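This report looks at backbone geometry and helix packing. Have the sequence and the coordinates at hand while reading.

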Amino acid sequence: MKKIFLYIPLFLFFVSQLTYAEILKDYEIFGNDRVSKQTIINFTNSDIGQDLLEKDLNTILKELYNTTFFENVVVDISAGTLKVTVKEYPIIQEIIFNGLKAEKQIKLLKEQTSLKEKNPYNKLFVKQDLKKMLDVFKSSGFYFAKINVSEQVNDNNTVNIIYDIVPGDKALIKEIKFIGNKIYKNRKLHSIITTEENKFWKVLSKGKYLDTNRINLDKRLLKNFYLNKGYYLVNVENAYTQILDKKNFSLTYKIDAGKK
């Protein structure tokens, strides 16, 4: 009797699955404009004559959303006909960067962002792209850059994405500090790194600007210096910054030289 009760739920489960199964006989696609009917059918990864269960419809729905071509998708099967209704994302006609003159900088921003011209416009990527662009400016020393984004809708279901950018001034390094078990005096460590404190006579110096690439270089230079001195367990921890005012930063390197 116990075995019978154990098999009954399994039997009912398989019966329920068979009840919802339908043999796929045809397709009907609605709402598509740029994406062809056959392309959408290919996206479903289904074949005529296939038994479609409810879980298969969920998989098809997921696959269609994963293409990133569609803003909304509805999938249903009736009398053997798989009906797919889609709403396509608009296509990005042009991405405009206002406030920048250097083509090299614009090219870099386009390379780093997810949204591309002639691709579907998924608003979910806008926030991510804004963060990526701000990171690009920070890596070049523009820590106070501001970016506003807007969209211009065109008649042919395309959009222009417009970024209004104010880079602001480059962040300057007012002071550099070395803390921890550093062994050597600050004056010596200053001579090792390429980053410099901002002084009125350093008009042409690029080292006075806060630049993450330069800071990473300095960390390697400091580590190599200690290694050459026999401190093989040296640890130059991540340098960290502190805002002093609207333009100036304090830069701190934490060093643990270890035993010689």
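This is a predicted model: local features need pLDDT of at least 70, side-chain atom pairs count only at pLDDT 80 or more; totals for chains, interfaces and linings use all residues.

Start with N45. Its phi is near 55°. That is a positive value, and the residue is not glycine. N45 sits in the loop that links α2 (37-44) to β3 (51-52).

Is N45 buried or exposed? Its relative accessibility is 56%. The cut-off for exposed is over 50%, so N45 counts as exposed.

T68 is another non-glycine residue with positive phi, here near 65°. Its loop runs between α3 (54-66) and β4 (70-78).

The relative accessibility of T68 is 33%. Buried needs under 20% and exposed needs over 50%. T68 therefore counts as partly exposed.

## How α2 packs on α3

What angle do α2 and α3 make where they pack? The value is about 125°, and the axes lie 8 Å apart. Roughly perpendicular ends at 115 degrees, and roughly antiparallel starts over 145. The pair is therefore oblique.

Which residues make the contact? From α2 come I40, F43 and T44. From α3 come I60, E63 and L64. By class, the contact residues of α2 and α3 divide into four nonpolar, one polar and one charged.

Methods: Residues are numbered from 1 along each chain as its sequence is written. Side-chain values use heavy atoms; hydrogens and water are left out. Helices (H or I, at least four residues) and strands (E, at least two) are DSSP runs, numbered from the N terminus. Buried means under 20% relative accessible area, exposed over 50%, partly exposed in between (1.4 Å probe, protein chains only). Axes are lines fitted to C-alpha atoms, for helices over the stretch in contact, and angles run from 0 to 180 degrees between N-to-C directions. Angles under 35 degrees count as roughly parallel, over 145 as roughly antiparallel, 65 to 115 as roughly perpendicular and the rest as oblique. Contact means heavy atoms within 4.5 Å. Ala, Val, Leu, Ile, Met, Phe, Trp, Tyr, Cys and Pro count as nonpolar, Asp, Glu, Lys and Arg as charged, and the others, Gly among them, as polar.
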